[in-house]
Amino acid sequence: MSLLFEIDRYLRGTGMPPTKFGRLAVNDPRLVGDLRRGRQPGRAVAAKVEAFIGSERRA
């Protein structure tokens, strides 16, 4: 699955605003909007996002 798909699924499930997600996950409130406009995340950003989603699901 794509990173954006995972983020969108997380946002729908939690009701978290995209800007808050970006700020909490990688300290970038524009992350989700930029991804939706075609930004390709680097490995470090993708790893941080996946770790954030994983840690939130376990909590």
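Helices (H or I, at least four residues) and strands (E, at least two) are DSSP runs, numbered from the N terminus. Axes are lines fitted to C-alpha atoms, for helices over the stretch in contact, and angles run from 0 to 180 degrees between N-to-C directions. The structure discussed here is a predicted model, in which local features need pLDDT of at least 70 and side-chain atom pairs count only at pLDDT 80 or more, while totals for chains, interfaces and linings use all residues. Residues are numbered from 1 along each chain as its sequence is written, and side-chain values use heavy atoms, with hydrogens and water left out.

Two packed helices are described by the angle between their axes and the distance between the axes. Helix α2 (residues 18-26) packs with helix α4 (residues 43-58) at about 105°, and their axes lie 9 Å apart. The two helices are therefore roughly perpendicular, a term that covers angles of 65 to 115 degrees. On the α2 side, Phe-21, Leu-24, Ala-25 and Val-26 meet Val-45, Lys-48, Val-49, Phe-52 and Ile-53 of α4, where contact means heavy atoms within 4.5 Å. By class, this contact has eight nonpolar residues, no polar residues and one charged residue; Ala, Val, Leu, Ile, Met, Phe, Trp, Tyr, Cys and Pro count as nonpolar, Asp, Glu, Lys and Arg as charged, and the others, Gly among them, as polar.

The buried residues of α4 are Ala-46, Val-49, Phe-52, Ile-53 and Gly-54, where buried means under 20% relative accessible area, exposed over 50%, and partly exposed in between (1.4 Å probe, protein chains only). These buried residues pack against α1, α2 and α3 (31-36).

A nonpolar core is a set of buried Ala, Val, Leu, Ile, Met, Phe, Trp, Tyr and Cys residues joined through side-chain atoms within 4.5 Å. The largest such core has 15 residues, of which Ile-7, Tyr-10, Leu-11, Phe-21 and Val-49 touch the most other members. At least two residues of this core come from each of α1, α2, α3 and α4. Leaving aside neighbours within four places in sequence, Ile-7 is in contact with Phe-21, Val-32, Leu-35, Val-49 and Ile-53.

Glu-6 belongs to helix α1 (residues 3-14). With a relative accessible area of 17%, Glu-6 is buried. By contrast, Pro-17, in the loop between α1 and α2, is partly exposed at 41% relative accessibility.

Technical notes: Angles under 35 degrees count as roughly parallel, over 145 as roughly antiparallel, 65 to 115 as roughly perpendicular and the rest as oblique.
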